[in-house]
Amino acid sequence: MHNPIYFFANWKMYLSHDESVALARSFAEELGELSPAKRVVLFPSALALAGVSEAVARSALQTGAQNTYWVAKGGVTGEISAEMAAGVGARYVLVGHSERRHLFKESNHEVRQKLEAALAAGLTPVLCVGDTLHEHEAGEADEVIEAQVRSALMDLVWPSDVQLIVAYEPVWAISKGPGHDEVGLYCDPKEAGQMAEKLVRMIAGLLPGNAPIILFGGSVRPHNVRAYLAEPHLAGVLVGAAATKLESWREIVNAV
Ligand code: PGA
């Protein structure tokens, strides 16, 4: 069977607990009987993870955490572990999202630790990589992405029953606000597709035998999602702002 198309909703810090659970319920009602050809995963705030997982439990929708720490349990004020996320129903976790890397100065080394801890807890990590505008303009994007991927995956024994998912999210293309007008810079789908192809090649060199699933993220909207998904090496999208509203999310998931 072909891989499904992945629609990942990163709700960031846009929604309160009650808004998250209510939106998850609406999604479950509308999109709960997905065809097996589509996989829809919601990534709510840590606060809403249990409630959202419960709200979609009887639907085809799944949930993931936005960030987890690498220690399973202990004196780590303010963090949650991958085990804790798994314990309330999460199946996935975003690792190394650009907002973590840049706002919270997460290093490639920390990303690697989080990725390993996620695997150990039985979660499917979604490794996020991306170049800044400065790196992009300086022609350093390939180099930066390669360093992020290499650090995260080199010499890792990837479990055969876990999918290897990488999201390419150019930092400059990510939108800053929940409004649909506030988009990042436009990333040409061809450019996104080329980076996806490079990622497939890089990963084949690092972890032979693993066919990665590459997602694109950065101002994906109902009007452009089809163009990204038409790229042969892109298997899905990671969506922020446009995934926080029923209407636009429905349009995105139903676009193909
Ligand atoms: P955006 O966010 O769709 O709002 O640009 C994507 C992301 O950061 O995952």
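**Cavities, pockets and the ligand**

Fifteen residues line the largest cavity, and G218, S219, L238, V239 and G240 are the ones nearest its centre. The model is predicted, so local features need pLDDT of at least 70 and side-chain atom pairs pLDDT 80 or more, while totals for chains, interfaces and linings use all residues. Residues are numbered from 1 along each chain as its sequence is written, and side-chain values use heavy atoms, without hydrogens or water.

A cavity, on a 1 Å grid over the protein atoms alone, is a set of points where a 1.4 Å probe fits but cannot get out; a pocket is an open set with protein on both sides within 12 Å along at least five of seven lines, and lining residues have an atom within 4 Å of a point.

The largest cavity holds about 90 Å³ of space (the volume filled by probe spheres set on grid points, joined across faces, edges and corners). Its lining has five nonpolar, seven polar and three charged residues. Here Ala, Val, Leu, Ile, Met, Phe, Trp, Tyr, Cys and Pro count as nonpolar, Asp, Glu, Lys and Arg as charged, and the others, Gly among them, as polar.

What takes up the space of the largest cavity? The ligand does, by the rule that more than half of its atoms lie within 2 Å of the grid points.

Now the ligand itself. Around the ligand are N10, K12, H97, E169, I174, S175, G218, S219, L238, V239, G240 and A241 (each with a heavy atom within 4 Å). This shell divides into four nonpolar, six polar and two charged residues.

In the case of S219, a polar backbone atom lies 2.8 Å from a ligand oxygen. From N10, a polar side-chain atom comes in at 3.4 Å from an oxygen of the ligand.

How many cavities of 30 Å³ or more does the structure hold? The count is two. The second largest cavity has a volume of about 40 Å³. Its lining consists of G96, H97, S98, R101, H102, C128, V129, G130, Q148, E169 and V171. By class, the second largest cavity is lined by three nonpolar, six polar and two charged residues.

How big is the volume of the largest pocket? About 710 Å³. There are 26 residues in the lining of the largest pocket, with M13, Q66, E99, R100 and F104 nearest the centre. Split by class, the lining of the largest pocket has 11 nonpolar, 10 polar and five charged residues.

The second largest pocket comes to about 150 Å³. N3, V200, A211, P212, I213, I214, P232, H233, L234 and A235 form its lining. Eight of the residues lining the second largest pocket are nonpolar, two are polar and none is charged.

Note on methods
A polar contact is a pair of N or O atoms within 3.5 Å; within protein, one must be able to donate a hydrogen and the other to accept it, and residues adjacent in sequence count only if both atoms are side-chain atoms.
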